[in-house]
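Here is a short briefing on one protein chain. Please keep the sequence and the coordinates open while reading.

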Amino acid sequence: MRETAQAEESKYHFLMHSKQLLELEQQKVEEELAVYKNPDPAARKQSLREQYNRKILEQDNLGKTLRAKQKTVREQHVPNVAQMAMWRDLTSLLACKTTILTKQQQKELSTGGENILIL
């Protein structure tokens with residue numbers, strides 16, 4: 001008997017909370033419908049439908065720009081890799097030149113630094 005009473009009381013509280021949640025949802029729907037039916041464009045911008053449509057449009061535009069950037073990166077990848085290889089070659093060439101120049105300067109200092117023309 002006590003168990004059935006507790007079960008019925010639990011069911012009652014569950015149904016009451018469910019009813020309250022449904023009433024809140026109904027109130028939100030009515031408010032949204034009132035905003036949507038409002039002829040004022042400023043008030044319409046506050047509707048959830050308009051906000052979601054605006055967000056969808058923003059994300060579509062963002063997706064388009066990202067796809068365009070991705071296309072640009074893909075198109076320029078091979079030339080950029082080639083340019084990087086050329087730059088690496090140039091830096092190694094310049095490094096070789098500087099080492100040769102420093103060795104040559106050290107050699108001139110060790111020989112006395114005289115410039116002698118031998119015929």
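The points below run from overall shape to single residues.

The model is predicted. Its chain holds 3 helices and 0 strands. The radius of gyration is 39 Å, against the value near 14 Å that a compact globule of 119 residues would have.

**Fold and dimensions**

- Read along the sequence, the pattern is α-α-α.
- Helix 1 covers residues 2-37.
- Helix 2 covers residues 41-44.
- Helix 3 covers residues 48-110.
- Along the principal axes, the C-alpha atoms fill a box of roughly 125 × 55 × 25 Å.

**Surface and charge**

- The chain exposes about 11,600 Å². Carbon and sulfur atoms supply 60% of that area.
- Charged side chains number 19 positive and 16 negative. The centres of these two sets lie 8 Å apart.

**Nonpolar patch**

- Which residues make the nonpolar surface patch of about 420 Å²? Trp87, Leu90, Leu93 and Leu94 do.
- Trp87 sits in helix 3. Its relative accessibility is 58%, so Trp87 counts as exposed, the cut-off being over 50%.

**Salt bridge**

- How many salt bridges does the count come to? The count comes to 1.
- The partners are Lys19 and Glu23. Their closest N and O atoms are 3.8 Å apart, which falls inside the limit of within 4 Å.
- Both residues belong to helix 1, 4 residues apart, so about one helical turn separates them.
- Lys19 has a relative accessible area of 44% and is therefore partly exposed.
- Glu23 is at 45% relative accessibility, so Glu23 also counts as partly exposed.

- Gln20 has its place in helix 1.
- Gln20 and Glu50 are 30 residues apart in sequence. In space, their C-alpha atoms are 27 Å apart.

- Pro41 lies in helix 2.
- Pro41 is exposed, because its relative accessible area is 54% and the class begins over 50%.
- Pro41 and Lys103 are 62 residues apart along the chain. A distance of 79 Å separates their C-alpha atoms.

- Where is Lys45? Lys45 is in the loop between helix 2 and helix 3.
- Lys45 has a relative accessible area of 55%, so Lys45 is exposed.
- Lys45 and Val35 are 10 residues apart in sequence. Their C-alpha atoms are 8.8 Å apart in space.

**Recap**

- The predicted chain has 3 helices and a radius of gyration of 39 Å.
- Its salt bridge joins Lys19 and Glu23, while Trp87 is one of the residues in the nonpolar patch.

Note on methods: Residues are numbered from 1 along each chain as its sequence is written. This is a predicted model: local features need pLDDT of at least 70, side-chain atom pairs count only at pLDDT 80 or more; totals for chains, interfaces and linings use all residues. Side-chain values use heavy atoms; hydrogens and water are left out. Helices (H or I, at least four residues) and strands (E, at least two) are DSSP runs, numbered from the N terminus. The radius of gyration is taken over C-alpha atoms; the globule rule is 2.2 Å times the number of residues to the power 0.38. Accessible areas come from the Shrake-Rupley method with a 1.4 Å probe; for residues, only the protein chains shown count as cover. Lys and Arg count as positive and Asp and Glu as negative; His and the chain ends are not counted. The place of a charge is taken as NZ of Lys, CZ of Arg, CG of Asp or CD of Glu. Patches are made of residues with over 30% relative accessible area and no salt bridge: like charges are joined within 9 Å, nonpolar side chains (Val, Leu, Ile, Met, Phe, Trp, Tyr) within 5 Å. A salt bridge is a side-chain nitrogen of Lys or Arg within 4 Å of a carboxyl oxygen of Asp or Glu. Buried means under 20% relative accessible area, exposed over 50%, partly exposed in between (1.4 Å probe, protein chains only).
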